[in-house]
Amino acid sequence: MARGRKHPFFEKIEVTGTAAKGKAVGRAPDGRVVFISGAVPGDTVSVQVFKKRKGHYEGRVTEILNPSPERIQPRCVHFGTCGGCKWQHMDYAAQLRFKQDEVVQNLVRIGKLDLPDIAPILPAPETYYYRNKMEFSFSDNRWLEPGEIASGEPVASRNALGLHIPGMWDKILDLQECHLQADPSNAIRLAVREYAESHGLAFFDTRKQEGLLRSLMLRNTASGQVMVLIQFYQDDASAREGLLDFLLDRFPQITSLFYTINRKGNDTLYDLDLICYHGTPYITEEMEGLAFRITPKSFYQTNSRQAYALYKKVRELAGLTGKERVYDLYTGLGTIAQFVARQAREVIGIEAVADAIEAARVNAAENGISNTRFFAGDMKELFTSEFLETHGRPDVVITDPPRDGMHKYVVAQLLEILPERIVYVSCNSATQARDLALMRDAYRVAHVQPVDMFPQTHHVENIVLLERRSHE
């Protein structure tokens, strides 16, 4: 370790594993853990520390002294700057291994759970171009690469249309390419940027809260339908219509074109009025003969093909015979609810977003499903004893909460009613483990199935089947 620096520099660190948020991990000469950006387990690297804590360091790779056999060449020119695909430099088989290990470690370490044999993680059929939704931000103060700054040359344009630099809310990386969403995603983004530049449209200034163009959302379906939503900060009808008409002319495959005026301090859509400028107010995804209308505000699993594999596993683990009442908590568009409805007596879906519940009802009617009921409301306030007395107690519960997991009141309610089986789907096995720990006296973990929904990233989905313990 070199001396005389504000932050230490470690000349030779052996990388032994992965850690949270896609980082790798090793040991410093003083024995403390080092969380490392840009490393792959099996590497030997030099590390510049940028953050020092009592029990650990955080740093980034400055030189790869001996590459891991699992290190590969990243595909994207933006790798290392963009935070979207932090594991592009890691062989896919290794990604799967580390994701499975993370699930097991969280369930054991956080949940203190007795686990059955863990099923092998379900790999994604596509490791690139698998996302059906991307959101890009406009900025008039783009991220400058170190080479640009070092050159001393004047910067031709500071405008950007791309993704946030990790940890920097006001810095946007101007994307030349992205390998997460299939075309025409890249073509539309680049065309919007070019049009805006050539027509002098003002990119958003996050700090001053001014400018015309704020964000761009693109959604697509397996059948080729395309939805585009542009958020404008200023209400300039002439400039807005010029851009929207340009898009329709250049990309006739756009089936749903929306815009909104957003003068809030954030980009969230749920409290905004969205205007359908052209086409249908939704796009449609299909699965096993079921059609799901997806609106701009709808939550839908962002990897459509892998969502099908996940839903099939959920249905299998639910063990339905046609006699059960099923509750689908955090139902979203009601996709899982409708997917299992043919095997159940009835399914009741609960979701906080009212627009999603309305879409779920429409979808069920369009699909000819008559044994589902959907209710909108905050889960902890709606999923009550009174609700259960009115609508009946469940035999099986399927729950797919957000990353924060289930509210403690929801867990308490499940322990009060004690359904025979609970199928818990989670995008965060740490909060899932926390919730399962609260239920371990009443339920045993019967099956664990990790699912890779997001190749090239550290994120992993996990399904756990809980079976009620017998009263002995």
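# Close-up views of a predicted model

**View 1. The second largest cavity and its lining.** In this predicted model, strand S9 supplies the largest share of the lining of the second largest cavity, three residues. The elements that give two or more residues to that lining are helix H3 (185-198) and strand S9 (213-220). The cavity holds about 40 Å³ of space. Its lining consists of Gln181, Ala182, Pro184, Ser185, Ile188, Leu218, Arg219, Asn220 and Val226. Sorted by class, five of these residues are nonpolar, three are polar and one is charged.

**View 2. The cis peptide bond at proline 184.** Aspartate 183 and proline 184 are joined by a cis peptide bond, with omega about 20 degrees. Proline 184 belongs to the loop between strand S8 (172-174) and H3. Pro184 is also one of the residues that line the second largest cavity.

**View 3. The largest cavity.** Three cavities of 30 Å³ or more are found in a search of the whole structure. The largest cavity contains about 90 Å³ of space. It is lined by 13 residues, of which Cys76, His78, Cys82, Cys85 and Gln88 are the closest to its centre. The lining is made up of eight nonpolar, four polar and one charged residues.

View 4. Cysteine 76 sits in the loop between strand S5 (56-66) and helix H1 (92-109). Because its relative accessibility is 14%, cysteine 76 counts as buried; the cut-off for buried is under 20%. With neighbours within four places in sequence left aside, the contacts of cysteine 76 are Gln88, Glu177 and His179. Between the C-alpha atoms of cysteine 76 and glycine 334, which are 258 residues apart along the chain, the separation is 35 Å.

**View 5. Helix H1 and what covers it.** Helix H1 is built from 18 residues and spans 25 Å from its first C-alpha to its last, close to the 26 Å expected at 1.5 Å a residue. At the start of H1, the backbone nitrogen of alanine 93 has a side-chain oxygen of aspartate 91 within 3.1 Å. The buried residues of the helix are Tyr92, Ala94, Gln95, Leu96, Phe98, Lys99, Gln100, Val103, Asn106 and Leu107. Their cover includes strand S1 (9-18), helix H11 (429-439), strand S20 (443-451) and strand S21 (461-468).

**View 6. Threonine 302 in its loop.** Threonine 302 is placed in the loop between strand S14 (290-294) and helix H5 (304-318). This threonine counts as buried because its relative accessibility is 14%. When residues up to four places away in sequence are not counted, threonine 302 touches Tyr130, Arg131, Asn132, Lys133 and Phe454.

**View 7. Positive phi at lysine 21 and tyrosine 330.** Lysine 21, a residue other than glycine, has a positive phi near 60 degrees. Lysine 21 is in the loop between S1 and strand S2 (24-27). Tyrosine 330 is not a glycine either, and its phi is positive at about 60 degrees. The loop that holds tyrosine 330 runs between strand S15 (325-329) and helix H6 (335-341). Lysine 21 is exposed, at 60% relative accessible area, whereas tyrosine 330 is buried, at 17%.

Notes:
Residues are numbered from 1 along each chain as its sequence is written. This is a predicted model: local features need pLDDT of at least 70, side-chain atom pairs count only at pLDDT 80 or more; totals for chains, interfaces and linings use all residues. Side-chain values use heavy atoms; hydrogens and water are left out. Helices (H or I, at least four residues) and strands (E, at least two) are DSSP runs, numbered from the N terminus. Buried means under 20% relative accessible area, exposed over 50%, partly exposed in between (1.4 Å probe, protein chains only). Contact means heavy atoms within 4.5 Å. The expected span of a helix is 1.5 Å times one less than its number of residues. A polar contact is a pair of N or O atoms within 3.5 Å; within protein, one must be able to donate a hydrogen and the other to accept it, and residues adjacent in sequence count only if both atoms are side-chain atoms. On a 1 Å grid over the protein atoms alone, a cavity is a set of points where a 1.4 Å probe fits but cannot get out, and a pocket is an open set with protein on both sides within 12 Å along at least five of seven lines; lining residues have an atom within 4 Å of a point. Grid points are joined across faces, edges and corners, and a volume is the space filled by probe spheres set on the points. Ala, Val, Leu, Ile, Met, Phe, Trp, Tyr, Cys and Pro count as nonpolar, Asp, Glu, Lys and Arg as charged, and the others, Gly among them, as polar.
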